[in-house]
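Good morning, colleagues. Please have the sequence and the model in view.

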Amino acid sequence: MIKIKAILPVLKEKKRYILYEGKVNYSNLREGIKDFIGEYGMAKAGVMFIMSRNNKGIIKTSVKWLEQVKTSLSLMKQRVKPIRVSGTLKKLKSYLNGG
């Protein structure tokens with residue numbers, strides 16, 4: 001059996017979490033980001049939708065593509081406003097719950 005080595009921490013992509021506010025569903029949010037940075041850009045950015053609650057939600061993305069994703073949120077047809085960016089999900093979950 002071949003054992004695969006783990007990726008060194010230096011080689012891993014750094015990630016950031018974006019807290020956004022706005023009445024928008026998952027598919028509209030995905031389409032809005034894809035319209036700005038494209039399908040290839042979404043793949044490179046590693047955009048993942050973590051959760052949403054009370055007209056707020058959290059998106060995970062790569063550090064290198066953070067500004068492009070934030071800009072695409074701002075340029076959407078629906079009113080979506082990036083509120084806060086954090087390196088940890090725990091911190092943003094407290095803001096999501098109203099803290």
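How much accessible surface does the chain have, and what percentage of it belongs to carbon and sulfur atoms? The accessible surface comes to about 7,200 Å², and carbon and sulfur atoms account for 54% of that area. Please bear in mind that this is a predicted model. The C-alpha trace spans about 50 × 35 × 25 Å along its principal axes. Of the 99 residues in the chain, 28% are buried.

A word on confidence. The mean pLDDT of the chain is 88, and 98% of the residues reach 70 or more. Among the elements, strand 1, residues 15-21, has the highest mean pLDDT, at 92, whereas helix 3, residues 89-96, has the lowest, at 84.

Let us turn to the architecture. The chain has three helices and four strands, and along the sequence they follow the pattern β-α-β-β-α-β-α. The four strands form an open sheet in the order 2-3-1-4, with antiparallel pairing. Strand 2 and strand 4 stand at the edges with a single partner strand each, so one side of each has no neighbour in the sheet. On average, neighbouring strands of this sheet are turned by 25° against each other, direction ignored.

Strand 1 and strand 4 run antiparallel and are joined by five bridges.

Which strands does helix 2 lie across? Helix 2, residues 66-74, lies across strand 1, strand 3 and strand 4, and runs at about 15° to strand 1. Helix 3 also packs on the sheet, where it touches strand 1, strand 2, strand 3 and strand 4. The direction of helix 3 makes about 160° with that of strand 3.

I now come to the aromatic residues. How many aromatic pairs are counted? The count comes to one aromatic pair. Its members are Tyr26 and Phe49, whose ring centres are 4.9 Å apart. Why is this pair called edge-to-face? The planes of the two rings stand at 90°, and an angle over 60 degrees counts as edge-to-face, so the pair falls in that class. Tyr26 is exposed, with a relative accessible area of 51%, while Phe49 is partly exposed, at 23%.

Finally, let us consider Arg16, which lies in strand 1. Is Arg16 buried, exposed or partly exposed? Arg16 is partly exposed, with a relative accessible area of 29%. Leaving aside residues up to four places away in sequence, Arg16 touches Ile59, Lys60, Thr61, Val63, Leu66, Val85, Ser86 and Gly87. The C-alpha atoms of Arg16 and Ile58 are separated by 10 Å, although the two residues are 42 residues apart along the chain.

What percentage of the contacts between residues at least 6 apart in sequence join residues at least 24 apart? In this chain the value is 71%. Thank you for your attention.

Technical notes. Residues are numbered from 1 along each chain as its sequence is written. This is a predicted model: local features need pLDDT of at least 70, side-chain atom pairs count only at pLDDT 80 or more; totals for chains, interfaces and linings use all residues. Side-chain values use heavy atoms; hydrogens and water are left out. Rings of Phe, Tyr and Trp (its six-membered ring) pair if their centres lie within 6.5 Å; planes under 30 degrees apart count as stacked, over 60 as edge-to-face and the rest as tilted. Buried means under 20% relative accessible area, exposed over 50%, partly exposed in between (1.4 Å probe, protein chains only). pLDDT is the predictor's confidence in each residue, from 0 to 100. Helices (H or I, at least four residues) and strands (E, at least two) are DSSP runs, numbered from the N terminus. Contact means heavy atoms within 4.5 Å. Two strands pair if DSSP finds at least two bridges between them. Axes are lines fitted to C-alpha atoms, for helices over the stretch in contact, and angles run from 0 to 180 degrees between N-to-C directions. Accessible areas come from the Shrake-Rupley method with a 1.4 Å probe; for residues, only the protein chains shown count as cover.
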